[in-house]
Amino acid sequence: MAVEATIVNVAARASLWLQPHRIVLIVTGLALVFAAAFFMRWDWLPQYYEMALVGLWRTLWILAVTCTLGFLLAVPLGLAQAAGPFWLAAPTKAFCTVIRGTPLLLQLWLLYYGLGSLFPQYPWVRESWMWPYLRQAWPYGVLALTLSFAGYEGEVMRGAFAGVPKGQLEAARAFGMSRWKILRRIWLPQAFYRALPTLTGETVLQLKSTPLVATISVIDIFAVSSKVRQSTFLTYEPLLLLALIYMAITGILVFALGKIEARIPNKIG
Amino acid sequence: MARIIELLSPTPPGWGGTLLVGLLHSVEIAAGAFGLGLVIGICGAYGKLYGGPVVRDLLAFYTTIVRAVPELVLILLLYYAGTDLINQLLTAMGYQRIDISGLVAGIAVLGFVQGAYSTEVMRGAILAIPQGQIEAARAYGMSPGLLLRRITLPAMLPFAIPGLANLWLIATKDTALLAVVGFFELTLATRQAAGVTKAYLTFFLAAGVIYLLLTLVSNLIIGRIEAWARRGMPSLKEAH
């Protein structure tokens, strides 16, 4: 019985969604896709297939690393602004303002060209163990994207920390918890739950910022498509495929993070 | 220190003038794109709220795609596709090919991107207007155009301003992306100046200060506009 009811329910919802005009739109869309597949040139795909996979992997890797590191940095940034003393709150606020007030491309170029031109002047930098890394482009890309994510998410965390009801913290103190334990058991988890809904949006924004690293010669998926365009003289095909890839990643991200969000108790505070 | 001042001076031995021209171009493009985005946003929001099923689905498609694909990719696609399409149309109609100026192309491309975000902001703001106000205007027999001009736009303004302010700041920063397609705005001007003089840190920091000032001044003006748009309404702090 119950199974039958769900089937009927699903069918009813499907027929509600699949109205006649939608069928026409979907058919038109499919026709466009097939036209693109048949009338555009895709013979370059086998040749650049492996390069594209490496680029895709690099994009995802940069996204994961910068989001993780950025969030870890955002927690102290938010905490310092929400509860820190003036000498801690003022510089963190200034940091967030500067990051959010200047274009990421400029920050990236400042780090790559600016710092990159500064380091070789000092012999001790060139002799240090870090030099092999500092000579490459990707550390600057990762650093710029991490700082950017931390700047935006730090502002969110400030609001999240400030939004936890005072009564909760007072109750924790009344139980005799130390300040560290209050942060670990009460304040941070609740602030994290509050910040989570924004995390999906911020992660998608971060994904959309990753192609900027291609401008400092990191070979991510965007750079691969530029390379294909240069060597095959095709304008649209690589860009359309690239847009499709980014859309797919965005879709997967939104779906996966939505699943995580749905598991959070929604009655907080 | 003296060398930095010399480098940044606005007259030819220094590169300050070049940066200021770049800033002017950036602000022009940001303002144009923001304006175009507003127009698209109002039309899009109306379409999403009051349009037929096909219009609604097409608009949902537009906003989803634009928000899921990186701006850089969209800029490249629209920049090449747009100029290519216009030229093909012109040759098909028997006219000469034209060079589309970077300014117009930049405004069109960024405006198209802004329009998608703007649509969502406006839609939310129109939904936040107490429904009775629109119903009352309809009951008085106002035509849709008059209703839009007298009731909907002014009443939604206080709800739309925070979102629109964000969009303006995004617009000023997104102009930097046009440097990648070779449009001469502040970031590209900075890179050229830095490349010629090899004073990378000086110029990128100077450009950062300029962008930051642009943001801070914008915030001041936005605060004024918001206070004006919310006049007569309870302050946000009391409302909570």
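This is a predicted model: local features need pLDDT of at least 70, side-chain atom pairs count only at pLDDT 80 or more; totals for chains, interfaces and linings use all residues.
## Chain B overall

Chain B contains 10 helices and 0 strands, and from the N terminus on its elements therefore read α-α-α-α-α-α-α-α-α-α. Taken along the principal axes, the C-alpha atoms of chain B fill a box of roughly 70 × 55 × 30 Å.

Of the 240 residues in chain B, 35% are buried. Among the contacts in chain B with a separation of 6 or more, 73% are accounted for by residues 24 or more positions apart.

## Domains of chain A

The domain assignment divides chain A into domain 1, covering residues 1-39, and domain 2, covering residues 46-262. The C-alpha centres of these domains of chain A lie 37 Å apart.

## The contact between the chains

Across the contact between the chains, 29 residues of chain A meet 32 residues of chain B. On the side of chain A that touches chain B, at least two residues are supplied by each of α2 (20-39), α4 (86-101), α5 (104-118) and α12 of chain A. The largest share comes from α5(A), which provides 8 residues. By class, the residues on this side of chain A comprise 18 nonpolar, 9 polar and 2 charged.

## Helix α11 of chain A

The buried residues of α11(A) are A:Ile221, A:Phe222, A:Ala223, A:Val224, A:Ser225 and A:Val228. What covers these buried residues includes α3 (45-83) and α12 (236-262) of chain A, together with α4 (71-92) of chain B.

The residue that follows α11(A) is A:Phe233, which has a positive phi, near 60°. A:Ser217 is exposed, because 12 other C-beta atoms lie within 10 Å and a residue with 12 or fewer counts as exposed.

## Helices α6 and α7 of chain B

The axes of helix α6 (residues 131-139) and helix α7 (residues 144-174) of chain B come within 11 Å and cross at roughly 170°. Because angles over 145 degrees count as roughly antiparallel, α6(B) is described as roughly antiparallel to α7(B).

In this pairing, B:Gln133, B:Ile134, B:Ala137 and B:Arg138 of α6(B) meet B:Leu147, B:Ile151, B:Thr152 and B:Ala155 of α7(B). The residues in the contact of α6(B) with α7(B) are 5 nonpolar, 2 polar and 1 charged.

## Two exposed residues of chain B

B:Val39 has its place in helix α2 (residues 16-50) of chain B, and with 12 C-beta neighbours inside 10 Å, B:Val39 counts as exposed. B:Val39 and B:Asp174 are 135 residues apart in sequence, while their C-alpha atoms are 19 Å apart in space.

B:Lys198 lies in the loop between α8 (186-197) and α9 (200-229) of chain B, and its phi is positive, about 65°, although B:Lys198 is not a glycine. With 10 other C-beta atoms within 10 Å, B:Lys198 is exposed.

Definitions and conventions
Residues are numbered from 1 along each chain as its sequence is written. Chains are lettered from A and ligands numbered from 1 in the order in which they are written. A residue is buried if 20 or more other C-beta atoms lie within 10 Å of its own, exposed if 12 or fewer, and partly exposed in between; C-beta atoms are placed from the backbone. Helices (H or I, at least four residues) and strands (E, at least two) are DSSP runs, numbered from the N terminus. Two residues are in contact if their C-beta atoms, placed from the backbone, lie within 7 Å. Ala, Val, Leu, Ile, Met, Phe, Trp, Tyr, Cys and Pro count as nonpolar, Asp, Glu, Lys and Arg as charged, and the others, Gly among them, as polar. Domain bounds come from an automatic or database domain assignment. Axes are lines fitted to C-alpha atoms, for helices over the stretch in contact, and angles run from 0 to 180 degrees between N-to-C directions. Angles under 35 degrees count as roughly parallel, over 145 as roughly antiparallel, 65 to 115 as roughly perpendicular and the rest as oblique.
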